[in-house]
Amino acid sequence: MSPLRTLALGALVLPVAAYANDPYSYAQPDEVRVTHLDLKLKIEFPQRKLEGEATLTLNWKDPKAAVLVLDTRDLSIASVESVDAAGKTAPLTYALAPRDKQLGSKLTIQTPQHPHEIRIAYSTSPNASGLQWLPPAQTADKKLPFMFSQSESIHARSWVPLQDSPAIRFTYDAQVTAPKDMRVAMSAPNDPQHPLDGEFTFKQTHPIPSYLLAIAAGDLSVKETGPRSAVYAEPSVVGKAAHEFEDTEKMIATAEQLYGPYRWGRYDLLVLPPSFPYGGMENPNMTFATPTVLVGDKSLVSLVAHELAHSWSGNLVTAASWRDIWLNEGVTTYVQGRITEALYGKRQADEEDLLSIHALQRELGEMPENAQRLAPKPGNIDADDTLSDVAYSKGSWFLRTLEQRFGRETFDNYLKGYFDHFAFQSITTEQMLDYLKPNLIDKYPGKMSWDDVKAWVYGTGVPKNAPIPDSPRFDTIDKERTAFLAGTLSADKLDAKDWNTQEWMYFLDGLPDTPPLAKMQELDSAWHLTGTPNAEIGMRWYVHAIAAGDKATWPAAAEHMTRIGRLYLTMPVYRALSKTPDGLAFAEQVYARAKNGYHPLTQQAVEALFAKAGKR
Ligand code: BES
Ligand code: ZN
């Protein structure tokens, strides 16, 4: 099961193509585009809301346009006005449509005069899909409350009224008021020395798509990890985080050597509470990250390589629609691998690639054909599936194939040129291909046919000749696993003392779906997997132990599920439990206790799973 397919866009099915450009947005970018956002927000913890105003600068494209259509979800709109060049305001007529379950409420503003700016006074709902509010008790240090946003894919509209489509880019300024002693961070350059006086200002001078708007506030300390990088985290976490992420500057320098200068200024990391629903989010200047990668041995820091890589693939050159998301995630996963290889060696990078290849192969079997394409055909695509392992794993595999066919040097130059050519633009798969053909495929004839390229991008499955890395260590693990399952090698004789995180993941991933109970018990007494502090290992262990019927692991599984809200680490355990009536009842009890600590997306995912399990 892919890390993200569980929920990224909810169980959306592409609506009919009523909105020519982006079916997930009501915006009409051919008529008018937002070019700048000026945000004034007050963070109100007691009411769990953001309140303030958004001033949008508009670039009118169509002289006949009479309305500005924005995306919103669960916002309370207090007023909408136009602002003229002198700052004079005048009220505008507007209508907020009934809430669409997937898209939210379309906000239609009458703008026959084509104002240069419009200003919306509004507040968010306590249940905003893109925000999580945590009371002090749910933070590490239990001193102050905490809040954070997660806008990708279509949740920015739940905290800012805007054109919520990745095809539209704008710069932003923000002025944020927070309770004293709190630090506010946004997806813009952050000042690590900023006084905690309750007033924060931000300026994002590069045009970004709406899904990269981000904000967080809480009891945040800062620790430098390099000349242009720092980690932000709660005081009791920041030391550990700075240690885990000490290679950040090396990662930036490596990426720069490969693909040209890092164009955003500072690169900071914000470590969130464990309820953060994803592993990481590439918010410009300030990656948001799960604390579940803080395992002490840097074995999971390729997450930083990944989010940093988005500074080129995704934030600089952006997929124009969610259908093209592989341009963000596939290219980024490829670059992540290159950074990992440069810093931690080929063995580490190959192991991560192999884990991703195997996950893809497991997933492809159960996938509808159209979802297996990097660029799915328009029509009835379940948006859940636009964010599967296909975008990440097949996408990066395609780039590794190009690298292998054209040679590293040629391909590196090509990719650097691609980032330069499309810098600060949102592009479709077809634009990418139009660049690929003359600049790589036709320029070096005989290396790869255009039909091969099309098979990767538009075909189902994975082309047969796709290169697979060798891993002698994984081969040994395969042999040991087989011998262990056959009973010819006892668990305590597994050569696992020096297995790294990825090797444990590989061992566990390869166990049968329903392993024999006695084998799981033997494994646990030898290696003490129940209660492991490494949640990547824990998730895989609990899934298999539960499937084997090992109820003794349930309390520890419950602790894992309660503590961690990251979808990819928690949902598989819920799924494993919900396969039996007893397990489902237990999972429901766990959820009842954990629910308040979960992000809205995690709540939605668990509830959808229960609804499905209830129908069986
Ligand atoms: N941009 C994604 C996260 C995302 C994608 C959020 C789609 C919502 C919708 C981020 O860069 C990502 O891929 N995160 C991964 C980590 C990674 C190392 C594969 C994750 O969260 O697991
Ligand atoms: Zn990503």
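Ile43 makes contact (heavy atoms within 4.5 Å) with Lys49, Leu50, Trp133, Met147, Val176, Thr177, Ala178, Pro179, Val184, Ile215 and Ala217, leaving aside residues up to four places away in sequence. The model is predicted, with local features needing pLDDT of at least 70 and side-chain atom pairs counting only at pLDDT 80 or more, while totals for chains, interfaces and linings use all residues. Residues are numbered from 1 along each chain as its sequence is written, ligands are numbered from 1 in the order in which they are written, and side-chain values use heavy atoms, without hydrogens and water.

Ile43 also belongs, with Phe398, Leu415, Tyr418, Leu523 and Tyr574, to the residues with the most contacts inside the largest nonpolar core, which has 199 residues. Such a core is a set of buried (under 20% relative accessible area, 1.4 Å probe, protein chains only) Ala, Val, Leu, Ile, Met, Phe, Trp, Tyr and Cys residues joined through side-chain atoms within 4.5 Å.

Attention now turns to the ligand. Around ligand 1 there are 18 residues, of which Glu152, Gly279, Glu282, Glu307 and Tyr392 come nearest; a residue counts if one of its heavy atoms lies within 4 Å. An N or O atom in the side chain of Glu282 is 2.6 Å from a nitrogen atom of ligand 1, and one in the side chain of Glu307 is 2.7 Å from an oxygen atom of the ligand. The protein buries 93% of the 530 Å² that ligand 1 exposes when taken alone, with areas from the Shrake-Rupley method and a 1.4 Å probe.

Notes. Buried means under 20% relative accessible area, exposed over 50%, partly exposed in between (1.4 Å probe, protein chains only). A polar contact is a pair of N or O atoms within 3.5 Å; within protein, one must be able to donate a hydrogen and the other to accept it, and residues adjacent in sequence count only if both atoms are side-chain atoms.
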